[in-house]
Amino acid sequence: MDKLVIEGGKPLSGTIVIQGAKNAALPILAASLLAEGTITVDHVPDLLDIDVMLNILRELGCRAEHAGGTVVLDTETAHTSHVPESLMRQMRSSIFLMGPLLARFGETQVYQPGGCAIGERKIDLHLEGLKALGAEIEEFGNRIICRADKLTGADIHLSFPSVGATENIMMAAVLAEGRTTISNAAREPEIQDLQRFLNTMGAKIMGAGTDTITIDGVQSLTPCRYKVIPDRIVAGTIMVAAAATRGQVTLQNTQPAHLSSLIHVLRRAGVQIIVDGDIIKVGSSARPRAVERIVTSPYPAFPTDLQSQVMVLLTLADGLSVLKETIFEGRLKHVDELTRMGADIRVDLNAAFIRGVPRLYGATVEATDLRAGAALVIAGLAAQGKTVVEQIHHIDRGYDKIETMLSRLGARIMRNSPVPNN
Ligand SMILES: CC(=O)N[C@H]1[C@@H](OP(=O)(O)OP(=O)(O)OC[C@H]2O[C@@H](n3ccc(=O)[nH]c3=O)[C@H](O)[C@@H]2O)O[C@H](CO)[C@@H](O)[C@@H]1O
Ligand SMILES: C=C(OP(=O)(O)O)C(=O)O
C-alpha cells in the first residue's frame, strides 16, 4: 500500500497549472457513448477514477487511449450495455453509464455503484428520473436492470438538486423524443461542462448552471473534440495548502468564478487573494483568523468537496470556527485524524467546532476518503515534523500525482520513501 511521507513546516511557493476536472471528465466520458465514432477529450487528468471509467468503456467494447492528457475514444464498437459488478463497485461515477447506455441500447444492466464511504449516497433520484422518461426498472439486490423501447421527454422535478441525477437524466434525455425539463436541477459548473460537450455533439440543451434545464431530444449526436474545464476542487485544495503553510502560490488555468465561495471564506480568514483572468494568486504570512460559520450546500454555496481542506486551515486559526456539513452525513471522519495531529475539534451531529491551535504536529494518519486524504496532506505540509499519510489510493482517485504537484511548489513530500532535505 502506497503512503505519502511529508516533512512539514515549509511554506508553499511557486506557480502551478491546474489539472482538468475529474467531476467534469467522468460524465463526459460516459456521455461519449451517446455518439458513435471517435471522440477526443482533452485535459483529462491521470487519475484512478478515469482509469476505471476507461476500463468500463473498454469492457463495453469501446477502444480507449489516454496519453498526454488526451483521451481518444472509439465508441462505435460498443456492443454490450452490461457493466460488470466488479467495475461498478470501484467508484461512484460508474452510475453515469446508466443514462447513456439506456439511451443507446434501450436497456442496461448495472449494479449499485461503489465509491468513498462518506454517506449513504442513494441513487433513487437517478432511477425516478429515468422512470419518468419511460424506463422500466427492476432491482434484484445490487443488480439494476433498466429497459425502455423508447424514451420520451418529461417534466422532472428533483426533490434535491443532485449533481449525478441531474447529469444522468440529461444524458438519457438527449436522444429522447420531445422536451425534458429538469427543475430544481443541480447548478454545478461540471453540469454546464456536460451541457457544452453534449451541445458540441449536436444536442439541444439549455439552462445548465440554473435550476431549470431544458433538453430537446435529437435523433443522433456527432462525435467531437472537447476540452474539460479546470478542476475547481484541486485548485481550492492548493489555495488552502498555500494559506495553511503561509506561502505564496500562483495558480494558472483556473475559473475563479467557480471558486467564489472559497475565495470569500479565505478572505474572511485573512488570506490575500488576487484574481486576474484565469490566474489566482494566494498569499499568507500571518496566522489565519477564525471563520464563524461555514455551511456546505449545493453550488454556488460552499462545496462539501472543500470542507475537509478548509477545516485544516481553521485548526490553525486564531479563535473558534464552526463548519457544518449538510451534504454527506459521513464526511467528518478526518476529524479524528486531525486530532491526532494536535487539532482541537469537537463534533456535534454534523457540525465541527474548531478551536485554533498555534501548530499541528506530524503523525501517522489514514486517508478515509478522497478529500479527507487531501486535507491530511495539507495538515502534514503545515505541521511541525514528519507526517505519514496512509491509504492514499483514495487521494489518487482525484489528484493527478499529488506529490509531484506539491514538490513543484517546494513541498518536502515523497511517495513511499524518506523525504528529501530541500
Ligand atoms: C463525480 C461527481 O461529480 N461527484 C460529486 C457529486 O457527487 P454525487 O453526484 O454523488 O452527489 P449528489 O449531488 O448526487 O449527492 C448529494 C446528496 O444527495 C443525495 N442523493 C443523491 C442522489 C440520489 O439519487 N439520492 C440522494 O438522496 C446523496 O446521498 C447526497 O446526500 O456531487 C457531490 C456534491 O456536490 C460531490 O461531493 C461529488 O464530488
Ligand atoms: C466525493 C467525490 O467524488 P465521487 O462522487 O466520485 O465519490 C469527490 O470528488 O470529492
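The dialogue below walks through several features of a predicted model.

Student: Before looking at any detail, how many helices and strands are there in the chain?

Tutor: The model is a predicted one, and its chain holds 14 helices and 23 strands. The radius of gyration is 21 Å, close to the 22 Å that the globule rule gives for 422 residues, so the chain is as compact as a globular protein of that length. Along the principal axes, the C-alpha trace spans about 65 × 45 × 40 Å.

Student: What share of the residues in the chain is buried, and what share of the contacts joins residues at least 24 apart?

Tutor: Buried residues account for 52% of the 422 residues. As for contacts, if one takes those between residues at least 6 apart in sequence, 71% of them join residues at least 24 apart.

Student: How is a pair of packed helices described, and at what angle do α1 and α7 pack?

Tutor: Two packed helices are described by the angle between their axes and by the distance between those axes. Here helix α1, residues 22–31, packs with helix α7, residues 189–200, at an angle of about 30°, and the axes are 9 Å apart. The residues that make this contact are N23, A24, P27, I28 and A31 from α1, together with E190, D193, L194, F197 and L198 from α7. By class, the residues of this contact comprise seven nonpolar, one polar and two charged. The crossing of α1 past α7 is right-handed.

Student: Which residues come nearest to ligand 1?

Tutor: There are 23 residues around ligand 1, and N23, L125, S162, V163 and G164 come nearest. The elements that contribute two or more residues to this shell are α1, α5 (124–132) and α6 (163–173). Sorted by class, the shell has nine nonpolar, seven polar and seven charged residues.

Student: Is α6 largely enclosed or largely open?

Tutor: A residue is called buried when 20 or more other C-beta atoms lie within 10 Å of its own. Ten of the eleven residues of α6 are buried, so this helix is largely enclosed by the rest of the structure. Those buried residues are G164, A165, T166, E167, N168, I169, M170, M171, A172 and A173.

Student: Which residues does L130 contact?

Tutor: L130 sits in helix α5 and is buried, with 27 other C-beta atoms within 10 Å. If neighbours within four places in sequence are left aside, L130 is in contact with G99, L102, A135, I137, C146 and A172. The C-alpha atoms of L130 and A165, which are 35 residues apart along the chain, are separated by 9.3 Å.

Student: L102 is in that list; where does L102 lie, and in which helix?

Tutor: L102 belongs to helix α4, residues 98–105, and is buried, with 26 other C-beta atoms within 10 Å. Not counting residues up to four places away in sequence, L102 touches E107, T108, L130, A135, C146, A148 and A172. A135, C146 and A172 are therefore contacts that can be read in both lists, because two residues count as in contact when their C-beta atoms lie within 7 Å.

Student: Where is A269, and is A269 buried or exposed?

Tutor: A269 is found in the loop between α9 (260–268) and β15 (272–276), and A269 is buried, with 24 other C-beta atoms within 10 Å. Beyond the neighbours within four places in sequence, A269 contacts P288, R289, V291, L313 and A317.

Student: Which peptide bond is cis, and which residue other than glycine has a phi near 55°?

Tutor: The peptide bond from Y299 to P300 is cis, with omega near 15°, and P300 lies in the loop between β17 (294–295) and α10 (307–315). The positive phi near 55° belongs to N184, in the loop between β10 (179–183) and α7. N184 is partly exposed, with 16 other C-beta atoms within 10 Å. K401 also is not a glycine and has a positive phi, of about 50°; K401 lies in the loop between α13 (393–396) and α14 (402–407) and counts as partly exposed, with 14 C-beta neighbours inside 10 Å.

Note on methods: Residues numbered from 1 in each chain as written. Chains lettered and ligands numbered in written order. Predicted model: local features only at pLDDT ≥ 70, side-chain atom pairs only at ≥ 80, totals over all residues. Axes fitted to C-alpha atoms, helices over the stretch in contact; angles between N-to-C directions. Helix = DSSP H or I, 4+ residues; strand = E, 2+ residues; numbered from the N terminus. Left-handed = near helix turned anticlockwise from the far one by under 90°. Nonpolar A, V, L, I, M, F, W, Y, C, P; charged D, E, K, R; others polar. Rg over C-alpha atoms; globule rule 2.2 N^0.38 Å. Buried ≥ 20, exposed ≤ 12 C-beta atoms within 10 Å, placed from the backbone. Near = placed C-beta within 6 Å.
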